[in-house]
Amino acid sequence: MLRLLRPLLLLLLLPPPGSPEPPGLAQLSPGAPPQAPDLLYADGLRAYAAGAWAPAVALLREALRSQAALGRVRLDCGASCAAEPGAALPAVLLGAPEPDSGPGPTQGSWERQLLRAALRRADCLTQCAARRLGPGGAARLRVGSTIRDAFRRREPYNYLQRAYYQLKKLDLAAAAAHTFFVANPTHLQMREDMAKYRRMSGVQPQSFRDLETPPHWAAYDTSLELLERQEAGLALPRLEEALQGSLAQMESCRADCQGPEEQEGAEEEEDGAGSQGGLYEAIARHWIQVLQCRQRCVGETATRPGRSFPVPDFLPSQLRRLYEAHAQVGNLSQAIENVLSVLLFYPDDEPAKRALNQYQAQLGEPRPGLGPREDIQHFILRSLGEKRQLYYAMEHLGTSFKDPDPWTPAALIPEALREQLREDQEKRSWDHEPPKPKPLTYWKDVLLLEGVTLTQDSRQLNGSERAVLDGLLTPAECGVLLQLAKDAAGAGARSGYRGRRSPHTPHERFEGLTVLKAAQLARAGTVGSQGAKLLLEVSERVRTLTQAYFSPERPLHLSFTHLVCRSAIEGEQEQRMDLSHPVHADNCVLDPDTGECWREPPAYTYRDYSGLLYLNDDFQGGDLFFTEPNALTVTARVRPRCGRLVAFSSGGENPHGVWAVTRGRRCALALWHTWAPEHREQEWIEAKELLQESEEEEEEEEEEMLSKHTSPEPPSRRHQRVQDKAGKAPRVREEL
């Protein structure tokens with residue numbers, strides 16, 4: 001009943017038809033505590049899928065507001081609880097020496113002080129959240145990592161822009177589209193939508209406003225523009241605004257690290273102290289996760305929306321611009337204050353030391369009380385205190401920590417860890433600066449290693465992100481996979497479609513086999529294990545090549561693998577006018593009338609790249625073709641052959657279809673890849689484990705047969721087999 005009432009209540013909050021829409025996203029229910037953002041978001045998507053545009057807008061907006069309200073509550077509670085008596089960190093973690101004797105704290109007492117402070121702060125946060133959010137507090141409104149990622153990627157705005165468009169609210173549709181596009185600049189469909197909004201008469205340039213980007217980025221960019229025009233006086237207020245906004249954004253990010261929400265999935269992300277142990281171990285593990293999250297806020301604050309890497313040395317670089325601008329306008333005291341703040345990060349920075357000497361000489365007599373900025377001192381002391389704890393945990397508890405800052409003093413790192421960290425730093429030399437693009441020969445080297453040739457690229461295929469590669473399979477391998485498909489079809493194992501007729505045309509039969517079904521049939525002895533193993537191996541081969549060619553800097557994961565065969569039904573091919581597979585896109589719903597492709601259900605929106613690996617060419621028809629978004633104008637055509645891979649991005653930029661198979665049987669391995677690890681194909685992993693178990697069983701049977709032989713077994717081999725069974729080590733087939 002509550003689920004049904006929520007859309008009705010939100011409908012009552014909508015403005016009447018024809019009334020002006022308030023700018024931005026003003027709160028719909030002032031004073032009301034936030035609701036569960038994930039439930040509101042789910043209800044909004046249901047309303048969207050049903051075409052109920054007004055309820056969808058209300059629910060999605062309320063989900064965004066509730067998520068923002070939760071963030072404000074965490075920020076306020078974190079600030080108030082940090083000032084609570086007994087919640088401060090031990091002084092030794094902030095750089096103060098710990099006494100060795102006397103009536104004061106004894107050696108090692110800071111651990112107990114830290115435990116008491118952490119427990120006191122946790123109790124304060126719980127009570128504060130309960131007062132602000134009602135019974136249950138933050139735990140009641142816990143949001144899973146998937147939903148948090150969706151909000152971080154601004155996915156609600158993608159749905160909002162379409163719903164606003166349907167409601168004829170073009171100004172808000174353009175704002176929602178722009179907000180989504182800022183964080184997703186490579187989204188080709190949204191790029192096209194933005195161009196259409198700009199051509200609409202009812203949309204003004206000021207409609208394209210960003211509703212989500214933290215304000216420090218606008219001040220930062222404006223200050224850089226003013227400095228380029230040599231207008232230091234005008235740039236100073238914006239530089240200060242950018243610095244204060246960066247520190248405030250960091251506080252907001254740090255507040256999101258505390259509370260029960262961050263417990264979910266954190267143990268999988270960090271190979272920390274492990275999941276075993278008692279109460280104190282659990283407290284330590286959670287505290288370490290909170291500290292790791294807080295340290296990551298440095299990089300998140302310095303990363304622009306839509307970018308993959310942070311601006312290097314974000315805070316120190318802002319301080320450098322500040323002291324240079326103050327010096328240009330004659331504010332020497334403020335210039336000294338900011339240059340001293342830079343020296344807190346880098347005490348041996350020669351340009352800063354020279355600037356300090358110059359400013360002090362120009363200022364004349366030393367002024368008492370002139371020192372580094374208090375906000376920067378507080379930031380550095382707190383950050384160093386957290387780093388001390390994390391490095392202590394690395395040394396004594398075996399946890400991991402990737403320091404985001406290049407300015408961390410070497411003396412802070414335990415001596416036992418310095419060599420290891422130095423080696424890690426050499427291995428990941430681009431952590432603090434964007435990686436340089438791989439040269440063109442990178443993917444060519446991978447293709448050469450696999451014995452594959454590039455037959456056609458995007459230019460030759462008259463499109464974008466398309467390629468034809470040959471030589472992925474030998475004729476013998478094609479024969480093995482064709483036999484696998486034939487044997488599975490003979491056993492009635494059609495996975496994916498129930499009927500014998502194709503789901504796309506009545507003139508063909510369709511047979512589909514997944515990797516897990518192939519492994520199950522192989523274990524049952526219905527099909528040969530060689531074909532099932534080759535199916536796994538080839539799918540990984542395709543994934544490797546697709547990643548090397550299209551996405552060398554970002555891992556791709558298999559999301560679905562399907563061995564499909566289409567067979568022409570004899571006697572039903574005369575005057576045939578349909579297609580074997582109609583024109584479509586793989587991760588969005590194609591609308592040929594408008595040329596748009598909506599990345600929304602029922603499309604598999606998480607698919608990023610597609611591949612078709614052909615096994616034969618002894619059939620008529622069945623060519624793959626690409627079209628314009630109107631699904632009519634053919635731009636390229638590819639003839640299948642054994643070992644030929646057609647790979648392309650899965651979006652609306654690559655509409656494609658299959659010509660009718662009019663004679664014979666056409667078989668291919670269809671594969672889809674994703675950047676999202678949560679959509680990795682679980683059946684592929686299960687199939688691999690199942691085939692490994694079958695292989696182990698075969699080896700055990702082989703060993704039992706050998707044990708019945710009259711000749712004695714060599715002691716070394718007997719000892720090795722006993723170790724294998726006891727230690728569960730990976731088996732290696734022995735040459736007998």
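Q: Which element gives the largest share of the lining of the largest cavity?
A: Start with the general idea. Rolling a probe the size of a water molecule over the atoms shows where empty space is left. Now the case here, in a predicted model. Helix α7 gives the largest share of the lining of the largest cavity, with 4 residues.

Q: How many cavities of 30 Å³ or more does a search of the whole structure find?
A: The search finds 4. The largest has a volume of about 70 Å³.

Q: Which residues lie nearest the centre of the largest cavity?
A: They are N158, Q161, W598, R599 and E600, out of 13 lining residues. Two or more lining residues come from each of α7 (155-166), α9 (188-199) and β7 (596-598). Sorted by class, the lining holds 5 nonpolar, 4 polar and 4 charged residues.

Q: Which elements give two or more residues to the lining of the second largest pocket?
A: The list is β4 (557-568), β5 (581-584), β6 (589-591), β8 (609-614), β13 (656-658) and β14 (661-674). Strand β4 gives the most, with 5 residues. By class, the lining of this pocket counts 20 nonpolar, 9 polar and 4 charged residues.

Q: Next, helix packing. At roughly what angle do the axes of α11 and α17 cross?
A: The general idea comes before the number. Two packed helices are described by the angle between their axes and the distance between the axes. Here α11 (residues 232-255) and α17 (residues 374-397) cross at roughly 35 degrees, and their axes come within 12 Å. The crossing is left-handed.

Q: Which residues make the contact between α11 and α17?
A: Helix α11 brings Q244, L247, M250, E251 and R254, while α17 brings D375, F379, R382 and E386. By class, that contact has 3 nonpolar, 1 polar and 5 charged residues.

Q: Last, the backbone. Where is N462, which has a positive phi although it is not a glycine?
A: N462 sits in the loop between β1 (453-456) and β2 (466-470). Its phi is about 60 degrees. E465 is found in the loop between β1 and β2 as well. E465 is not a glycine either, yet has a positive phi of about 50 degrees.

Q: Is E465 buried, partly exposed or exposed?
A: E465 is partly exposed, with a relative accessible area of 30%.

Key. Residues are numbered from 1 along each chain as its sequence is written. This is a predicted model: local features need pLDDT of at least 70, side-chain atom pairs count only at pLDDT 80 or more; totals for chains, interfaces and linings use all residues. Side-chain values use heavy atoms; hydrogens and water are left out. Axes are lines fitted to C-alpha atoms, for helices over the stretch in contact, and angles run from 0 to 180 degrees between N-to-C directions. A crossing is left-handed if the near helix is turned anticlockwise from the far one by less than a right angle, and right-handed if clockwise. Contact means heavy atoms within 4.5 Å. Ala, Val, Leu, Ile, Met, Phe, Trp, Tyr, Cys and Pro count as nonpolar, Asp, Glu, Lys and Arg as charged, and the others, Gly among them, as polar. On a 1 Å grid over the protein atoms alone, a cavity is a set of points where a 1.4 Å probe fits but cannot get out, and a pocket is an open set with protein on both sides within 12 Å along at least five of seven lines; lining residues have an atom within 4 Å of a point. Grid points are joined across faces, edges and corners, and a volume is the space filled by probe spheres set on the points. Buried means under 20% relative accessible area, exposed over 50%, partly exposed in between (1.4 Å probe, protein chains only).
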